[in-house]
Amino acid sequence: PASNVIAYYNSKNRLHVELYFLYAEIPESCTRICDLIADELRMKMDYSEPVNSGREVRIRVYERPEYSIEAYGASVCAESSPETGDTTSIFSDGTGISYVVLSDGMGSGRGAALESRMVVSMFRRLISSGVNYNSAIKLINSIMLNKSADEAFATLDVVRVDLDTCGLTVIKSGASATLIRHRGQVMKISSPTFPIGIIGEAESFCRGYEFEEGDIIIMFSDGICENEY
């Protein structure tokens, strides 16, 4: 029993449904709700992860956009380190925007992994809650600066793809260069920015690029020398 339901079409005439549930009445399966709506409307639907405000939970179910992304990853631990300091995440905000996020924590091993997980987790939660990415980065930077007396910082590398238009935005805070293959040409995207959590007024790099079906993006955390590009 949803406490509130909002349905609307976006600028590309694609259906979105927002369902709000009291926290005590959270449905066991978002997939089941999505399937019921899809069967009733005879449409291909998908859903984004629930957003919890403490009192109620929002689930977004939406008609699938024109484009989709395929993502693959590989990682190698530093020498004598039991785990990698990198964290990755791929998610949709439920409006047709997909994000691929990569963060590299300070140092190596468990400590670095903790820092990168914090940055990625906060970014994902803020974006999914409706915060724009510039505000999200500023808030995370402030939290990382003030969370302890010890230094705590991590890079943030984000690819934002509008799956309705195939619009691409690259967002970087202290991250390594990104490669984009578009129409047979390869671009190297670098940014002279600081990682999250180093300075108070950190500005992120943000720029849009042409992108279309079949194009490829390669993101790196570290360990790539300039001559290897």
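Which residues does D104 touch, not counting residues up to four places away in sequence? D104 touches G85, D86, S116, A154, T155, S221 and D222, where contact means heavy atoms within 4.5 Å. This is a predicted model, in which local features need pLDDT of at least 70 and side-chain atom pairs count only at pLDDT 80 or more, while totals for chains, interfaces and linings use all residues. Residues are numbered from 1 along each chain as its sequence is written, and side-chain values use heavy atoms, with hydrogens and water left out.

- D104 lies in strand β7; strands (E, at least two residues) and helices (H or I, at least four residues) are DSSP runs, numbered from the N terminus.
- D104 is buried yet has no salt bridge. Buried means under 20% relative accessible area, exposed over 50% and partly exposed in between, with a 1.4 Å probe and protein chains only. A salt bridge is a side-chain nitrogen of Lys or Arg within 4 Å of a carboxyl oxygen of Asp or Glu.
- The nearest side chain of opposite charge to D104 is R117, 11 Å away; Lys and Arg count as positive and Asp and Glu as negative, while His and the chain ends are not counted.
- T87 is found in strand β6 and counts as buried at 13% relative accessibility.
- The C-alpha atoms of T87 and D104 are 6.6 Å apart in space, although the two residues are 17 residues apart in sequence.
- Leaving aside neighbours within four places in sequence, T87 is in contact with V101, L102, S103, A113, S116, R117 and V120.

**Salt bridges**

- The structure holds six salt bridges, among them E83 with R117, whose closest N and O atoms are 3.9 Å apart.
- E83 lies in the loop between β5 (56-63) and β6 and R117 in helix α2 (residues 109-128), so this pair ties together parts that are 34 residues apart in sequence.
- Both partners are partly exposed: E83 has 23% relative accessibility, and R117 has a relative accessible area of 41%.
- D157 forms a salt bridge with K172, with 2.9 Å between the closest N and O atoms. This pair links distant parts of the chain, D157 in strand β8 and K172 in strand β9 (residues 167-173), 15 residues apart.
- D157 is buried, and K172 is buried as well.
- R183 and E212 meet through their side chains in a salt bridge of 3.1 Å, N to O. The residues are 29 apart, with R183 in the loop between β10 (178-182) and β11 (185-189) and E212 in the loop between β12 (205-209) and β13.
- R183 is exposed, with a relative accessible area of 58%, whereas E212 counts as partly exposed at 29% relative accessibility.

**Pockets**

- About 1300 Å³ of space lies in the largest pocket. On a 1 Å grid over the protein atoms alone, a pocket is an open set of points where a 1.4 Å probe fits, with protein on both sides within 12 Å along at least five of seven lines, and lining residues have an atom within 4 Å of a point. Grid points are joined across faces, edges and corners, and a volume is the space filled by probe spheres set on the points.
- The largest pocket is lined by 46 residues, and A71, Y72, V100, I217 and M219 lie nearest its centre.
- β6 (86-92), β7 (97-104), β8 (156-162) and β13 (216-219) each supply at least two residues of this lining, and the largest share, five residues, comes from β6.
- The lining of the largest pocket has 22 nonpolar, 15 polar and nine charged residues. Ala, Val, Leu, Ile, Met, Phe, Trp, Tyr, Cys and Pro count as nonpolar, Asp, Glu, Lys and Arg as charged, and the others, Gly among them, as polar.
- The second largest pocket holds about 260 Å³ of space. Of the 13 residues that line the second largest pocket, D46, Y62, S68, S98 and L163 are the closest to its centre.
- With three residues, β6 gives the most to the lining of the second largest pocket, which divides into seven nonpolar, four polar and two charged residues.

**Positive phi values**

- Most residues other than glycine have a negative phi.
- N13 has a positive phi, near 60°, and is found in the loop between β1 (4-9) and β2 (15-22). N13 is exposed, with a relative accessible area of 56%.
- C166 has a positive phi, near 70°, and its place is in the loop between β8 and β9. C166 counts as buried at 7% relative accessibility.
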